[in-house]
Amino acid sequence: MISCSNHDYIEIACMYRFEMRLVLVNGQVAQGKAFQTELNENKEECLVLEMQTGNKFIVLEQVVSIEAVTENPHFGKVDFKIAE
């Protein structure tokens, strides 16, 4: 489960449809336009990224950091910590 403050950044990104770069715990990087949060088929909360190849579901618990590629006054790069 991610912290409420980290979830706020995800909500801001979706509200303004920011282009985002996410680093995952396995080292992979995903980039796309933040669209919404949604549960996947395993009932895990995900960020849905719009990509040229289609939507990609990123499990929020697998996110290490997010970075707004779109310039904005709200945030730049945020390192996520696991909520306890």
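The following legends describe close-up views of selected residues in a predicted model.

The model is predicted, so local features need pLDDT of at least 70 and side-chain atom pairs count only at pLDDT 80 or more, while totals for chains, interfaces and linings use all residues. Residues are numbered from 1 along each chain as its sequence is written, and side-chain values use heavy atoms, with hydrogens and water left out.

**View 1. The salt bridge between Glu50 and Arg17.**
A search of the whole structure finds two salt bridges, a salt bridge being a side-chain nitrogen of Lys or Arg within 4 Å of a carboxyl oxygen of Asp or Glu. One of them joins Glu50 to Arg17, with the closest N and O atoms 2.4 Å apart. This pair links distant parts of the chain, 33 residues apart: Glu50 belongs to strand E3, and Arg17 to the loop between H1 and strand E1 (19–24). Helices (H or I, at least four residues) and strands (E, at least two) are DSSP runs, numbered from the N terminus. Glu50 is partly exposed, with a relative accessible area of 26%, and Arg17 is likewise partly exposed, at 35%. Here buried means under 20% relative accessible area, exposed over 50%, and partly exposed in between (1.4 Å probe, protein chains only). Side chains of opposite charge can pair when their charged atoms come close.

Residues up to four places away in sequence aside, Glu50 touches Arg17, Gly32, Lys33, Phe35 and Asn55; contact means heavy atoms within 4.5 Å.

**View 2. The salt bridge between Arg21 and Glu67.**
The closest N and O atoms of Arg21 and Glu67 are 3.4 Å apart. The pair links distant parts of the chain, with Arg21 in strand E1 and Glu67 in strand E5 (residues 63–68), 46 residues apart. Arg21 counts as partly exposed at 29% relative accessibility, and Glu67 is partly exposed with a relative accessible area of 31%.

**View 3. Positive phi values at Arg17 and Lys43.**
Most residues other than glycine have a negative phi, and most peptide bonds are trans. Phi of Arg17 is near 55°, a positive value, and this residue is placed in the loop between H1 and E1. Phi of Lys43 is also positive, near 65°. Lys43 is located in the loop between strand E2 (29–39) and E3, and at 66% relative accessibility Lys43 counts as exposed.

**View 4. A patch of negative charge on the surface.**
Asp8, Glu11, Glu41, Glu44, Glu45 and Glu61 gather in this patch. Patches are made of residues with over 30% relative accessible area and no salt bridge; like charges are joined within 9 Å, and nonpolar side chains (Val, Leu, Ile, Met, Phe, Trp, Tyr) within 5 Å. Lys and Arg count as positive and Asp and Glu as negative, whereas His and the chain ends are not counted. The place of a charge is taken as NZ of Lys, CZ of Arg, CG of Asp or CD of Glu. Accessible areas come from the Shrake-Rupley method with a 1.4 Å probe, and for residues only the protein chains shown count as cover. Glu45, a member of the patch, lies in strand E3 (residues 45–51) and counts as partly exposed at 33% relative accessibility.

**View 5. Asn6 and His7 in helix H1.**
Helix H1 spans residues 4–16 and includes Asn6, which counts as buried at 6% relative accessibility. Beyond residues up to four places away in sequence, Asn6 touches Val78, Asp79, Phe80 and Lys81. His7 is found in the helix H1 and counts as buried at 16% relative accessibility. With neighbours within four places in sequence left aside, His7 is in contact with Ile2, Glu45 and Leu60.

**View 6. Val29 in strand E2.**
Val29 is exposed, with a relative accessible area of 52%. Leaving aside neighbours within four places in sequence, Val29 contacts Arg21, Leu22 and Val23. The C-alpha atoms of Val29 and Ile10 are separated by 16 Å, the two residues being 19 residues apart along the chain.
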